[in-house]
Amino acid sequence: MAALGSALALSACAGPLSTLQPEGPSARGAAMLWWIMLAGSAVIFALVSAMLVLAYARPGPLRAAGPKTIMVWGGLVFPGIVLTALVVAAFALGERMLATPRDPAPMRIEAIAERWIWTFRYPGTDGSETRNRLHIPAGQDIDFVVTSGDVIHAFWIPRLGGKIDAIPGRENIVRLRADRPGVYGGVCAEYCGEGHAVMRFTVEAHEEADYEARLAAAIAEESAR
């Protein structure tokens, strides 16, 4: 019954903002970590439940083991093994989100948050920008330089990777990649005021060969407004 309930609940976790439908290496790492943590917590829950049932149904084996043995193995050794594995997995998968220096450097796109708008500036366009619609080439890493013009916000594209804070006077960098062309959702993930809920943006990942033409058309459309 629990498995059926979980399956039904997870079936609703789809769409442009779903973290369980990753479309890039960073998002896949976060999703994998989520599954590992779910499995670890399920193992701990199953063990504790089994001990509880055993304590009521057949207390003899537990009584024979003694409270000290149960506390050491059940309260220290087993949780220690599970938590150590989770920490190692978190560090290994978290490395994928770091914008470590490399040659050649990935494309850099500026993302500026201001109540309740996202502005994106692109390299090689003389400072041209789009608002609430981000255009990227698919299949290559992008370094997003994130900042804010007023209060603290957070830049997050759930299907491409983890979020990062947008802080006034500071530039934070997150490296993301879309594996294939498509349309994805982005949000402000830090409460920033009454318009926080509608502070969203759309991400269009284009074929690499079409990217420059699609970006130029988007900038021209933005300028005509």
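D141 and R177 form a salt bridge (a side-chain nitrogen of Lys or Arg within 4 Å of a carboxyl oxygen of Asp or Glu), with 3.6 Å between the closest N and O atoms. The two residues are 36 residues apart and link distant parts of the chain: D141 sits in the loop between β4 (133-137) and β5, R177 in the loop between β8 and β9 (182-188). The model is predicted, so local features need pLDDT of at least 70 and side-chain atom pairs count only at pLDDT 80 or more, while totals for chains, interfaces and linings use all residues. Residues are numbered from 1 along each chain as its sequence is written, and side-chain values use heavy atoms, with hydrogens and water left out.

Helices (H or I, at least four residues) and strands (E, at least two) are DSSP runs, numbered from the N terminus. Buried means under 20% relative accessible area, exposed over 50%, and partly exposed in between (1.4 Å probe, protein chains only).

**Salt bridges**

- The structure holds twelve salt bridges.
- R121 pairs with E129, the closest N and O atoms being 3.0 Å apart.
- Both ends of that pair are partly exposed, R121 at 33% relative accessibility and E129 with a relative accessible area of 24%.
- K163 and D165 form another salt bridge, with the closest N and O atoms 3.8 Å apart.
- K163 is partly exposed with a relative accessible area of 43%, and D165 is partly exposed with 28%.
- Through shared partners, salt bridges join R28, R102, D141, R177 and D179 into one network.

**Strands β5 and β8**

- Strand β5 (residues 142-148) pairs with β8 in the antiparallel sense over five bridges; two strands count as paired if DSSP finds at least two bridges between them.
- V146 has N172 in β8 as its bridge partner.
- Strand β8 (residues 172-176) is mostly covered, with four of its five residues buried.

**The five-stranded sheet**

- Five strands form an open sheet of mixed pairing, in the order β4-β10-β9-β6-β7.
- β4 and β7 (164-166) stand at the edges with a single partner strand each, so one side of each has no neighbour in the sheet.
- Neighbouring strands of this sheet are turned by 30° against each other on average, direction ignored; axes are lines fitted to C-alpha atoms, for helices over the stretch in contact, and angles run from 0 to 180 degrees between N-to-C directions.
- Strand β6 (residues 153-156) and β7 run antiparallel and are joined by three bridges.
- H153 stands opposite A166 in β7.
- In a regular strand the side chains alternate between the two faces of the sheet.

**Helix α5**

- Helix α5 (residues 211-224) lies across β4 and β10 (200-206) and runs at about 165° to β4; contact here means heavy atoms within 4.5 Å.

**The loop residue P101**

- P101 is placed in the loop between α4 (67-94) and β1 (107-114).
- P101 counts as exposed because its relative accessibility is 81%.
- The C-alpha atoms of P101 and I152 are separated by 26 Å, the two residues being 51 residues apart along the chain.
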